[in-house]
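Student: I have a model open and would like to learn how to read it. Please take me through it feature by feature.

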Amino acid sequence: MNDPNKKDQMGKEGKDIKREVGESKEAQKSVDGQIRDKDGSQCRNSSLSCPPPPPPPPPPPPPPSPPPPTPSSQALPIPHPITPPVAAPGFSWAIVDSAKAKGNAAFSDRKFQSAISFYSMAIRLTESQVDVLGETEGGEEERRDKNKKGENNNIRESENGAKNKKDAEERMAVLYSNRSAAQSSLGYYGYAENDARKAVSYKPGWAKAHCRLGAALAGREEFEAAKGAYGEALRLEPENAGAIAGLKEVEEAMVLGGQR
């Protein structure tokens, strides 16, 4: 037969075991609540060791720097002619003739800015000799005699060199006339007028210099003055084709503009 006391004792022990299991679960829940926060992701108020937090994400890379500005493919217009410095310490008529020849070649190739630079070099060199030659007005023989004595050390002889101041001034007239033509070709009519007036001052009786002046004045639309310059060229040389054509163009422009 079954002992009722034994059954009561076993039932009591079973209840005690269930109670202990429940208390153990409650204790574990309490520990878990202390270890994890609401999101269940971080340790809080716990003596238990927690895993280290994950490293912070790397900072975002800096934005790329803007590319450097690229220069415009179209060259800016040159506001005025460039006159390069003359680097040669001495003087030689051969250098002058070479610079002039290079200027003429550049002009023929329509490289007008290069032509201006070469003409400018030749002008500077020749201009430095005009004053030197002006001190030896006695003629070639006297100048050569002074050269032998070392009194004119700034002059360098050459086969095609200027023999006196007048010869050098005629060279200057040609160089200024050529540079004036290059200036007009680029539309630098103010500079062209100045060069043409220089050419006229060095060689007043040269019709071509007056034609250069007429062309520069016509470019500036000073038609009355241009007409006078071309008229002076025709007075000096009645058959000058450039003066005839230039005067005709100026007169036509004056008619179109209502001038007479």
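Student: Is S184 buried or exposed?

Tutor: Start with the cut-offs: buried means under 20% relative accessible area, exposed over 50%, and partly exposed in between, with a 1.4 Å probe and protein chains only. S184 has a relative accessible area of 17%, so S184 is buried.

Student: What should I know about the model itself?

Tutor: It is a predicted model: local features need pLDDT of at least 70, side-chain atom pairs count only at pLDDT 80 or more, and totals for chains, interfaces and linings use all residues. Residues are numbered from 1 along each chain as its sequence is written, and side-chain values use heavy atoms, with hydrogens and water left out.

Student: How many helices and strands does the protein chain have?

Tutor: Elements are DSSP runs, numbered from the N terminus: helices are H or I with at least four residues, strands are E with at least two. Here the protein chain has 9 helices and 0 strands. From the N terminus on, the order reads α-α-α-α-α-α-α-α-α. Of its 260 residues, 28% count as buried.

Student: Where does S184 lie, and which residues is S184 in contact with, leaving aside neighbours within four places in sequence?

Tutor: Contact means heavy atoms within 4.5 Å. S184 lies in helix 5. Leaving aside neighbours within four places in sequence, S184 is in contact with Y189, A192 and A216. For the protein chain, take contacts with a separation of 6 or more: residues 24 or more positions apart account for 57% of them.

Student: At what angle do helix 5 and helix 7 cross?

Tutor: Axes are lines fitted to C-alpha atoms, for helices over the stretch in contact; angles run from 0 to 180 degrees between N-to-C directions. The axes of helix 5 (residues 165-185) and helix 7 cross at roughly 20° and come within 10 Å. Now the classes: under 35 degrees is roughly parallel, over 145 roughly antiparallel, 65 to 115 roughly perpendicular, and the rest oblique. Helix 5 and helix 7 are therefore roughly parallel to each other.

Student: What is the handedness of the crossing of helix 5 and helix 7, and which residues make the contact?

Tutor: A crossing is left-handed if the near helix is turned anticlockwise from the far one by less than a right angle, and right-handed if clockwise. The crossing of helix 5 and helix 7 is left-handed. Helix 5 contributes S177, N178, S180, A181 and S184, and helix 7 contributes K208, R212 and A216. For classes, Ala, Val, Leu, Ile, Met, Phe, Trp, Tyr, Cys and Pro count as nonpolar, Asp, Glu, Lys and Arg as charged, and the others, Gly among them, as polar. The contact of helix 5 with helix 7 has 2 nonpolar, 4 polar and 2 charged residues.

Student: How do helix 7 and helix 8 pack?

Tutor: Helix 7 (residues 207-219) and helix 8 (residues 223-236) pack at about 165°, their axes 8 Å apart. That makes helix 7 roughly antiparallel to helix 8. Their crossing is left-handed. Among the contact residues are H210, G214 and L217 of helix 7 and F223, A225 and Y230 of helix 8. By class, the residues of this contact divide into 13 nonpolar, 2 polar and 1 charged.

Student: How many aromatic pairs does a search of the whole structure find?

Tutor: A pair of aromatic rings is described by the distance of the centres and the angle of the planes. Rings of Phe, Tyr and Trp (its six-membered ring) pair if their centres lie within 6.5 Å; planes under 30 degrees apart count as stacked, over 60 as edge-to-face, and the rest as tilted. The search finds 3 aromatic pairs. Y176 and Y202 form a stacked one, 6.0 Å centre to centre with 15° between the planes. Y176 lies in helix 5 and Y202 in helix 6 (residues 189-202), so the pair ties together parts that are 26 residues apart in sequence. Both Y176 and Y202 are buried. Y188 and Y191 form an edge-to-face pair, 6.3 Å centre to centre with 75° between the planes. Y188 counts as buried at 13% relative accessibility, while Y191 is partly exposed at 38%.

Student: What is phi of E221?

Tutor: Phi of E221 is near 65°, a positive value in a residue other than glycine. E221 is in the loop between helix 7 and helix 8 and counts as exposed at 59% relative accessibility.
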